[in-house]
Amino acid sequence: MTPTQRRWVFLAGVAGLVAFYLWGLLGLPGFGNYPGPYGFVINRVAVAQTNATGVVSAVNFDYRGFDTVGEEFILFAAAAGVATVLRRLRGERERPAVDEAADRNVPPTSGAVRMVALLFTGPLVVVGWWLASHAQANPSGGFQGGVVLASAFILIYLAGEFLVFKRFSPVDVTDAVEAVGAGGFAAVGVAAVGLGLAYLTNFLDKGQFYGSVSSSGTIALISFFVGLEVAAAFIMIIAELLEQTLFIRGGG
Amino acid sequence: MGYFPFIVVAWILAVGLYGIVTSRHLVHQIICLIVVQSSTYVLLLGVGYVTGAVAPYYFDITVHTPAVDPVVQALTLTDVVVEAAVTALLCSFAIQAHKRFGTLDPQELVSLKG
């Protein structure tokens, strides 16, 4: 099929899709007229039930905790998938870390970049942990915190080079942290089953104060595990992608 | 406002699909898929919006303040994470495709090679 034919087939298809979408739209309540009642009910009861002031986190890690287990394992499986797809292929060998084009004029990483990257690494780790441990209080949580934590490691890569990055995030340790993060979440759920409750029931003491770190029972704990998992998964994915630059094909 | 955000959804979806269909580069195609998926964020957040309501965080407001639906916001968060994971996986496929076929043009990747 030529590109022009392909475009016409697509335009016919998408016109139909948009027509049906707009038709379906007429049955929806207009923007801002949320019909409820589910969201309203959760907003009303969540704070009293979980002692978490962040209702989105309460939904993610408590009410819909089971879905979030699945979501976390999608990330886990994707990281494993990246590692599998980017494995060393037949005929590929790892390139020694020497410059093969010595006459090429590569400007060294500027002092400003190194300075700023190193300056931000520490604060990013703190912010990442803060986000991962305050899911119950405000718009944060393990997913956001984990990504910020992973970016601290990427700053190390930016400040130094890939081999330094590898030393700071050794594969064995990231693998173990990722497993602890994913397994910890599942284990919190199983612990509830062990106590005779439903899977992922919030069985811990919910604390005295709304929105404090010690409040909300398992929400804070699960968020912590998710933070570990997400940080490790992203570090692993970035490391796998960067490692590709070290591979050369045999005879190529 | 009426239905405007939902029409934006249709637009984002359609341009993303157009990009996928006409793309001549796998990485460009992956980015178009991200655009398609972004339309679901707008749809979810648009469905849960309540005129005049605040974000569902009761840290410094009373429980009786009207707030938007937190469930669709949680779904959007899920969506973002899954998208990041899928993008990483697709990028690694693109790397391997380039290694094996020497091209990233999907129209030249017509035959399977063992």
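Predicted model: local features only at pLDDT ≥ 70, side-chain atom pairs only at ≥ 80, totals over all residues.
Where is the place of M236(A)? The place of M236(A) is in helix α9 of chain A.

Is M236(A) buried or exposed? M236(A) has 22 C-beta neighbours inside 10 Å, so it counts as buried; the cut-off is 20 or more. Leaving aside residues up to four places away in sequence, M236(A) touches A79(A), A83(A), T174(A) and E178(A). V47(A) lies elsewhere. Between M236(A) and V47(A) there are 36 Å in space, C-alpha to C-alpha, and they are 189 residues apart in sequence.

Now turn to helix α8. This helix of chain A covers residues 171-194 and has 24 residues. From its first C-alpha to its last it reaches 33 Å, close to the 34 Å expected at 1.5 Å a residue. What covers them? After α8(A) comes G196(A), with a positive phi near 85 degrees.

Helix α9 also has α6 as a partner. Helix α6 of chain A, residues 142-159, packs against α9(A) at an angle of about 40 degrees. Their axes are 7 Å apart. The crossing of the two helices is right-handed. On the α6(A) side, the residues in contact include G142(A), G145(A), G146(A) and F153(A). On the α9(A) side, they include F224(A), G227(A), A231(A) and I238(A). By class, this contact has 14 nonpolar, 5 polar and 1 charged residues.

Helix α5 of chain A comes next, at residues 111-133. It has 23 residues and reaches 34 Å from first C-alpha to last, close to the expected 33 Å. Where does α5(A) bend? The bend is at T121(A), by about 30 degrees. A proline, P123(A), follows within four residues. The buried residues of α5(A) are G128(A), L131(A) and A132(A). Among the elements that cover them are α6 and α9 of chain A.

Helix α2(A) leads towards the other chain. It has 13 residues and reaches 17 Å, first C-alpha to last, close to the 18 Å expected at 1.5 Å a residue. A kink of about 30 degrees is centred on R44(A). G39(A), I42(A), N43(A), A46(A), V47(A) and T50(A) are its buried residues. Which elements cover them? Both chains contribute: the cover includes α3 and α9 of chain A, together with α2 (26-48) and α3 (70-101) of chain B. N51(A) follows α2(A), and its phi is positive, near 60 degrees.

That brings us to the contact between the chains. How many residues does each chain give? Chain A gives 45 residues and chain B gives 42 residues. In chain A, the elements that give two or more residues to the side touching chain B are α1 (3-25), α2 (38-50), α3 (55-63), α4 (65-85) and α9 (218-243). Of these, α1(A) gives the most, with 9 residues. The residues on this side of chain A divide into 27 nonpolar, 11 polar and 7 charged.

Terms used
Residues numbered from 1 in each chain as written. Chains lettered and ligands numbered in written order. Contact = placed C-beta atoms within 7 Å. Nonpolar A, V, L, I, M, F, W, Y, C, P; charged D, E, K, R; others polar. Axes fitted to C-alpha atoms, helices over the stretch in contact; angles between N-to-C directions. Left-handed = near helix turned anticlockwise from the far one by under 90°. Expected span 1.5 Å × (residues − 1). Bend = angle between axes of the 7 residues up to and from the residue. Buried ≥ 20, exposed ≤ 12 C-beta atoms within 10 Å, placed from the backbone.
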